[in-house]
Structure formats: C-alpha cells, structure tokens
Amino acid sequence: MKVVIIGGDAAGMSGAMQIVRNNKEAEIIVLEKGEYYSYAQCGLPYYIGGLIEDTDKLIARSRETFQEKYGIDARTLHEAQEINVEKQLVAGKNLDTGDRFEVPYDKLLIATGASPVIPPFKGRELEGVHFLKTIPDAEAIAKDMEEDVLNVTIIGGGYIGLEAAENFAARGKKVRVIDRGERIGRNIYDKEISEKIHEEAEKSNVELIFGETVEEMSGSKRVETIRTNNQEYRADMVVIATGVKPNTAFAEKAGINLHPSGAIIVNPYMETNVRNIYAAGDCATQYHRIKEKDDYLPLGTHANKQGRIAGSNIAGIPKTFKGVTGTSIIKFFDLSVGKTGLSEREAENLGIPCEPLSFTGRSHAGYYPESEPLIIKLLRHRETDMLLGVQVAGKKGVDKRTDVAATALYHRMTIADLENLDLSYAPPFNGVWDPLQQAARRY
C-alpha cells in the first residue's frame with residue numbers, strides 16, 4: 001500500500017507514525033511545502049520573547065529522523081497543487097528546483113493545515129510587517145527586532161495576538177493591539193472574562209484599541225505608521241494576527257466537500273466524501289460535542305488526535321474521532337484564561353435556552369498562603385440542567401478547573417453531577433469545595 005500524506009506537521013506526522021507502527025508493509029511519502037517537519041507552532045511567541053533560545057528546540061522530530069529511523073520518504077519544498085481522484089495521483093511543484101512532480105497513492109491523507117488570513121491592507125509588503133505561523137516567520141521577527149524597533153503594533157486580539165503582545169513586552173517593546181471588535185475575544189469569551197484580560201493589559205502597559213479597522217500601513221521602505229478608520233499610529237513593526245484559514249483550495253477542485261469555514265468535511269473515521277482520501281488537523285472540521293455539529297477549531301490538540309486516528313484507519317485499525325468541547329487556555333502576563341464548551345453568545349446563536357452564573361472563588365484554601373481569586377463563569381441548559389460551558393480566569397488553578405470542566409462536558413454531565421464530583425482536596429491545592437462546585441451550588 002502506498003500512502004501519500006500532504007503536510008508534515010502535527011496531523012500529518014501523527015498519521016504517518018500510526019501507519020509505521022501498524023502496517024510495516026506500507027510505503028509512506030510525505031509532501032511538505034515548507035522546510036520543517038513536526039514542530040511546535042504554539043511555542044513560536046515564546047521564542048520571540050526569549051524564553052526559548054533556539055527554534056531547534058521546537059522541532060519534535062526532524063526530517064532526517066523520519067527518514068532514517070522510520071523509513072518515511074519525507075520530502076521538503078514539495079507543494080501539492082492538484083489531486084486527480086480518478087487516477088489517484090497528487091501533482092505539484094518542487095519549490096527548490098521548479099520541477100513538476102506526480103505521485104500515485106492508494107490512500108491519501110490531507111494534512112495541509114491553515115495559513116494566516118491576509119487582509120487587503122495597503123502597505124502590507126513593507127519591511128517590518130510580519131505574520132507569525134511558521135519557524136521562518138518567528139526567525140524573521142527576531143532578526144527584525146535587531147533593528148531600531150521600539151513600537152510594535154499587533155493587528156488582532158486572538159490567542160496569537162495576545163501571546164505575541166506578552167512576549168514583545170518581555171523584550172522591552174511598547175505594544176499596541178488593534179482589534180475591530182468591541183472587546184478582546186468577543187467570539188470566544190463572555191464580557192466579564194474579556195474585562196479581566198483588559199485589566200491585565202492595562203497593568204502590563206499594553207495599549208488596547210477597539211472598534212477600529214486598519215486601512216493602511218505606510219513608510220518609505222519600512223513601516224512607520226498604521227492608519228485606521230479613526231486615526232493614525234506610530235509603528236516600527238507590525239504583526240498581523242487576524243486569524244487563519246484552512247489550506248484547501250486544491251481539495252475543493254478535486255470535488256472534496258468543504259465546510260462553510262473552508263475546512264474539509266470529515267466523518268468520525270477522518271474520511272472525506274472521496275474514496276481513499278482522508279483529512280485531519282487544521283484543514284479539517286472537528287465535531288463539536290456540545291453544538292452537536294461540525295465546527296472549525298484549529299488547535300494543536302485536535303490536529304494530533306485527528307492525525308493519529310486517520311493514520312490508524314489507513315493502517316486498517318478502525319478508530320473514530322469522538323469530537324471536541326472547544327477547550328483552550330492562554331497565559332497573558334500574570335493572568336491565565338481557560339474556556340471549554342459554549343459562551344453565552346454561542347448558545348444564543350444556536351437557540352439553546354441557557355442560564356449563566358458568575359462566581360469568584362479562590363485558587364486554593366483562603367487561609368493557606370498565596371491564595372488567589374478565581375473568576376468562574378458557568379453556563380447551563382435551562383431545561384435539562386446540563387452543563388454547557390465554563391470560563392475561568394485568574395493567576396492560579398485555571399488549568400485544573402478548565403480540564404475538570406472539559407471532562408464534565410465530554411461526558412454530558414449536569415450541574416448536579418458537577419457538584420457531586422469527588423475532587424482532590426488539601427489546603428495548598430483546593431478548598432473542601434472546589435470553586436467549580438461552589439459555583440454549581442449557586443444555581
């Protein structure tokens with residue numbers, strides 16, 4: 001069996017390794033457009049901030065390791081551009097030599113990931129204007145900071161924008177974030193959680209600009225100013241972090257069904273609508289267990305799980321992807337923010353009758369040293385008492401509560417079930433009632 005994988009990062013190589021382990025006879029060819037295999041994109045902001053000294057530390061396995069140790073034909077600078085589904089061929093271009101190539105397959109895994117959204121800003125070609133998605137992107141930013149860069153403007157207040165803001169500030173830069181929404185994370189968090197992020201930004205001297213749309217970047221050769229629909233700002237460097245879009249243009253041409261987001265629609269086995277073609281990771285949909293429909297949530301956790309399941313199925317071992325609850329966490333200076341399940345806005349848009357509740361607890365027993373406030377937002381189904389979503393913000397203990405809530409959501413627990421959980425307790429770690437349970441008791 002000849003397996004072709006398009007994309008050599010999280011989903012693609014998780015799939016490849018499952019095939020290696022479960023089907024020793026399979027021939028595996030990986031076509032990677034870039035120069036790197038299997039690296040931690042989520043660590044890139046921390047390389048910019050200096051916490052990670054070398055991008056080599058972000059590489060889980062090198063191309064040479066995949067080739068020499070696992071026998072995978074791992075190619076770089078090979079851009080797949082076309083799929084012939086009748087002949088079962090992938091065609092494309094070698095970006096190093098310019099030559100065209102064709103590779104036949106018995107099974108095909110599309111794991112092409114996502115690329116930054118490039119808004120039509122004037123001046124985006126100026127020096128000092130960057131995206132942050134790949135190792136070369138991060139290295140270019142780090143090198144550019146050697147110039148006389150004092151003022152950094154980040155366009156977009158999502159996960160990458162906030163993490164970049166923190167790490168530029170750690171390098172002594174004056175940081176501004178411009179977001180066209182009325183608050184940070186309006187599509188992710190509820191208002192009271194967003195306000196905690198705003199407070200942390202103010203405390204950390206990060207300027208937040210809301211309700212303005214960037215129109216133009218200008219400068220003689222290098223970016224010098226940004227103009228919005230409202231005013232003009234000084235900028236020595238700009239990072240555009242306005243989201244990502246799945247790399248699926250060639251898949252659509254092959255007749256593969258796409259989600260409204262542009263992601264490839266897959267079933268629980270990671271199969272597309274085209275025979276012998278699978279998809280996984282940031283180019284594919286994820287079934288949302290709370291929304292009960294396909295969604296697009298491009299996160300590394302999902303990519304690794306989906307790639308593993310696709311590879312297992314290709315190798316002849318049936319497995320299904322059980323779906324996601326939309327769990328995420330972010331560190332922003334001294335604040336951690338976690339979310340799982342639905343926000344009020346998402347529930348309302350889906351027509352789900354919901355009842356929110358906000359509660360302030362403590363990270364651990366209040367009498368034990370260094371206890372910190374913990375802001376918890378619960379959302380329950382008004383008719384069934386089922387837990388719908390949890391958001392948590394604070395300095396300590398956010399990860400634990402987010403993961404407990406994610407587990408509860410995965411198993412479709414009610415608020416009463418949450419209250420009855422047997423959670424660990426000792427004064428350095430918790431109170432006799434966990435803050436999640438304290439909040440649940442207030443319904």
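**Helix packing and cores in a predicted model**

Q: What describes the approach of α1 and helix α8 (residues 300–314)?
A: In this predicted model, the axes of the two helices, α1 and α8, come within 7 Å and cross at roughly 35°.

Q: What makes the crossing of α1 and α8 left-handed or right-handed?
A: The crossing is right-handed; by definition, therefore, the near helix is turned clockwise from the far one.

Q: Which residues of α1 and α8 meet?
A: A10, A11, S14, G15, Q18 and I19 in α1 meet A303, N304, G307, R308, G311, S312 and I314 in α8. The residues of this contact comprise five nonpolar, seven polar and one charged.

Q: Why is the largest set of 49 residues called a nonpolar core?
A: The term applies because the members are buried nonpolar residues joined through side-chain atoms within 4.5 Å. Within the core, I72, I83, L108, I110 and I256 touch the most other members. Helix α1 (residues 10–22) gives the most to this core, namely six residues.

Q: What does I110 touch beyond four places away in sequence?
A: Its contacts include I6, I83, F250, I256 and C283.

Q: How many helices and strands does the chain have, and why is the chain called as compact as a globular protein of its length?
A: The chain has twelve helices and 25 strands. Its radius of gyration is 23 Å, close to the 22 Å that the globule rule gives for 443 residues, so the chain is as compact as a globular protein of that length.

Technical notes. Residues are numbered from 1 along each chain as its sequence is written. This is a predicted model: local features need pLDDT of at least 70, side-chain atom pairs count only at pLDDT 80 or more; totals for chains, interfaces and linings use all residues. Side-chain values use heavy atoms; hydrogens and water are left out. Buried means under 20% relative accessible area, exposed over 50%, partly exposed in between (1.4 Å probe, protein chains only). Helices (H or I, at least four residues) and strands (E, at least two) are DSSP runs, numbered from the N terminus. Contact means heavy atoms within 4.5 Å. Axes are lines fitted to C-alpha atoms, for helices over the stretch in contact, and angles run from 0 to 180 degrees between N-to-C directions. Ala, Val, Leu, Ile, Met, Phe, Trp, Tyr, Cys and Pro count as nonpolar, Asp, Glu, Lys and Arg as charged, and the others, Gly among them, as polar. The radius of gyration is taken over C-alpha atoms; the globule rule is 2.2 Å times the number of residues to the power 0.38.
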